[in-house]
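Colleague: I am new to this one. Could you show me how to read it?

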Amino acid sequence: MYHQNMLHRNVKQLLQLVAFILCLTPHLLAAQAQDSLHIVQKKWNSKEIKKGITWHQGHFDNLFNSTQEINWVEIDLKKYRKNIHIAAEATTLKPTTSFAAEHNALVAINASFFDMKNGGSVDYLKVNGQQINTSKEGKPSDRANAVFSISKKGISIEQTNKVTVEESTAHSVMVAGPLLLESDTYVLLKNNPFNDNRHPRTAVALTKKGKLIFLVVDGRSNQANGMSLPELAKVFKWLGAQDAMNLDGGGSSTLFIKGATANGVVNYPSDNKKFDHEGQRKVANIIYVN
């Protein structure tokens, strides 16, 4: 009789849970539809940096039930495919703006995860045919399952494997991640604090229309809460991205546009705990266009 009562109780709890989920689902779908409209119909503050390169800025009071500040640059690869580069140091750290100035960058973002004590990327990195860093401990970090490559054929964002990394014929290869979108499809993300919690984010994507997107989401502020990676993936999807990957975020997240501000930083890096353009963190490498 005890086991029978327990069975009835468990079945009742299960039915209550199913009923709750069924009631909640329409609200979740409605909220997601509203969020997508916020992005798609947003009147972005847009400025043409150069013909084929456009900077978009937008503030949202209620996106994913949070406050968000997004800056992104759309680059036409038909015009600038040969102008996309990676700049890196093997053991030195410096601000994104310093890297940008040294390489006469027009637009730049911070890139892969790095060793904050010793400098250099913690994952595989090759620039202009020269291997700069290998993965620490001989294997990529758990989150590093994506690779950004620059070759004579063009730019690609793919899953990591021997063919796309160590054996790649591309002249520049950068491992980071996680991968967010692959061939217009969401990539399954692990449930962990790095993915699920809201942080400042830097990411890169390729669109169906042959554009490259540099995107930075600010965070750690009442004026910008940051995003989880599932939220970031949705934003890319709504912006028309086909392939997308996360880069190093948090205090590293920096978007530089030459001449746009006093120091060229257009987002609000969080490392100084102020909502201004001064809180850059020193990083190991950048992706840039000149």
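Modeller: Start with contact: heavy atoms within 4.5 Å. In the protein chain, take contacts between residues at least 6 apart in sequence; 66% of them join residues at least 24 apart. This is a predicted model: local features need pLDDT of at least 70, side-chain atom pairs count only at pLDDT 80 or more, and totals for chains, interfaces and linings use all residues. Numbering runs from 1 along each chain as its sequence is written, and side-chain values use heavy atoms, without hydrogens and water.

Colleague: How many helices and strands are there in the protein chain?

Modeller: Both are DSSP runs, numbered from the N terminus: helices are H or I, at least four residues, and strands are E, at least two. The protein chain has five helices and 17 strands.

Colleague: In what order do the eight strands form the open sheet?

Modeller: Strands pair if DSSP finds at least two bridges between them. The order is β1-β2-β3-β14-β13-β15-β11-β12, with antiparallel pairing. β1 (45-50) and β12 (185-186) stand at the edges with a single partner strand each, so one side of each has no neighbour in the sheet. Inside the sheet, β11 (residues 179-182) pairs with β15 (residues 241-246) over two bridges. There, L181 stands opposite A244 in β15.

Colleague: Which residues have the most contacts inside the largest nonpolar core?

Modeller: A nonpolar core is a set of buried Ala, Val, Leu, Ile, Met, Phe, Trp, Tyr and Cys residues joined through side-chain atoms within 4.5 Å. Buried means under 20% relative accessible area (1.4 Å probe, protein chains only). The largest core has 37 residues, and I84, F148, F214 and I287 have the most contacts inside it. A second, separate core of 25 residues includes L63 and V217.

How values were computed. Buried < 20%, exposed > 50% of the residue type's maximum accessible area, 1.4 Å probe, protein only.
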